[in-house]
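Hello,

Here is the structure I promised to pass on to you. Please have a look at it first, and then read my notes below.

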Amino acid sequence: MTVWDDLQGQPAVVAQLQQAATGDSLTHAWLFTGPPGSGRSNAAKAFAAALNCDQDDVSRRGCGECHACRTILGETHADVVFVRTEKVTITIDEARELVSTAGNRPSSGRWRIIVVEDADRMAERTTNVLLKAIEEPTPRTVWMLCAPSPADVLVTIRSRCRAVALRLPPAADVAALLVSRDGVDPAVAESAARAAQSHVGIARRLARDAEARQRRLETVRFPLGLRGITAAVMMADKLVKIATEEANSSNEERDAAEKAALLATLGAPETGTLPPAMRSQVKQLEDDQKRRAKRSITDSLDRTLTDLLSFYRDVLIIQMGNSVELVNVELRSELEDFAGRSGPEVTLARMDAINKARKRITTTNVAPLLTIEAMAAGLV
């Protein structure tokens, strides 16, 4: 098993990175782009492992078996830094720390590698902090930035990076990965991959969690019960609750574990009032957790709206008489009945309303419930 095995449906990308890992066409800065679920961060991680692989034979770099490959894939290698944020943005202080780290020589590997998984979540002034380090890197440093599209990164940054463009893999490839790597039942894997629209991470979650599959089905079926504004408002409230509950279910346990670990590290007393210095550190952790919770609810709501969008995508396919496979094939008869009540123009307008709501939620500080209620009114 090599580091490239998880990059399902990306033969051109694998070939490009394998060639660079041998030293041919290697450059100091790379920009990995592709839609959510295409495997941008996985590609960067695999490439980082191949660059620092212990194999002397360049044709075997990225073996997946040596100490360097295993520690990089496990994100514990001393010379490879992975940067991701669960907050709204990467801060300017975090960017400055990265620049400082990038100036250090590698301690054991060939390269000091900085992987920024959320390069699109940096403000312009934050990105400018990285510019000089990317423009004039130290000799043994490689930068890898990940973003949905080149337009999400400042032109001054992307013009200095080698582009790696990923695409969503076919659903069959995602299903095969779930079967081979996670031991998922083939029928469940195929259904999860199709429902996730080839997003590997979401497909894995759906395959492992029956409740997640049920919540998604409930979301997709919402339009079938829309019969007026009152129903639309009720749907909006339920959608926000589904997204919030899903986000909170993963946050609460992690927040408690993080706080307990911090208190143990600080040597906090088991009872009584914390000393002022400890209180400030606990307060900082709680503030970070609140920002993370906001981001996770936003991301969860965006995924929920993506599931809802798949319903109207299937309706449009039926209305246009296209032979493309449906995402929600198990609802075919209900979809066909729904499609017969209106035309493609109405369906496109409804899809546009959902996409506008997604944009408002992810790019502005609007109240989610008000945004979803306005969207739902446009679906009636």
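This is a predicted model: local features need pLDDT of at least 70, side-chain atom pairs count only at pLDDT 80 or more; totals for chains, interfaces and linings use all residues.

**What turned up**

Asp299 has a charged partner. Its side chain meets that of Arg121 in a salt bridge, with 3.6 Å from N to O. This pair links distant parts of the chain, 178 residues apart: Asp299 sits in helix α12 (residues 276-319), whereas Arg121 is in the loop between β3 (112-116) and α5 (124-135). As a reminder, side chains of opposite charge can pair when their charged atoms come close.

Over the whole structure, the search finds 23 salt bridges.

Glu75, at 31%, counts as partly exposed, and so does Arg84, at 41%.

There is also a network of salt bridges, which links Asp6, Arg181, Asp182, Arg204 and Arg208.

**The sheet**

Next, the strands. An open sheet of 5 strands runs in the order β2-β3-β4-β1-β5, with parallel pairing. Its edge strands are β2 and β5, each of which pairs on one side only. On average, neighbouring strands of this sheet are turned by 15 degrees against each other, direction ignored.

Which strands does β1 pair with? On one hand, β1 is joined to β4 (residues 141-147) by 5 bridges, and the two run parallel. On the other, 4 bridges join β1 to β5 (residues 162-165), again in parallel. Leu31 shows both pairings: it stands opposite Leu145 in β4 and opposite Ala163 in β5.

Strand β1 (residues 29-33) is largely enclosed by the rest of the structure, because 5 of its 5 residues are buried. In a regular strand the side chains alternate between the two faces of the sheet. In β1, Ala29, Leu31 and Thr33 point one way, while Trp30 and Phe32 point the other way, and all are buried.

Turning to β2 and β3, this pair is parallel as well, with 4 bridges. Phe82 has Val115 in β3 as its bridge partner.

**The cavity**

How many cavities of 30 Å³ or more does the structure hold? There is 1, and about 90 Å³ of space lies in the largest cavity. Its lining draws two or more residues from each of α9 (200-208), α10 (210-221), α11 (229-266) and α12. By class, the lining has 3 nonpolar, 3 polar and 6 charged residues. Among the lining residues are Arg205, Arg215, Arg216, Glu246, Arg303 and Asp307, as well as Leu206, Ala212 and Ile242. Ser300, Thr304 and Thr219 line this cavity too.

Note on methods
Residues are numbered from 1 along each chain as its sequence is written. Side-chain values use heavy atoms; hydrogens and water are left out. Buried means under 20% relative accessible area, exposed over 50%, partly exposed in between (1.4 Å probe, protein chains only). Two strands pair if DSSP finds at least two bridges between them. A salt bridge is a side-chain nitrogen of Lys or Arg within 4 Å of a carboxyl oxygen of Asp or Glu. On a 1 Å grid over the protein atoms alone, a cavity is a set of points where a 1.4 Å probe fits but cannot get out, and a pocket is an open set with protein on both sides within 12 Å along at least five of seven lines; lining residues have an atom within 4 Å of a point. Grid points are joined across faces, edges and corners, and a volume is the space filled by probe spheres set on the points. Ala, Val, Leu, Ile, Met, Phe, Trp, Tyr, Cys and Pro count as nonpolar, Asp, Glu, Lys and Arg as charged, and the others, Gly among them, as polar. Axes are lines fitted to C-alpha atoms, for helices over the stretch in contact, and angles run from 0 to 180 degrees between N-to-C directions.
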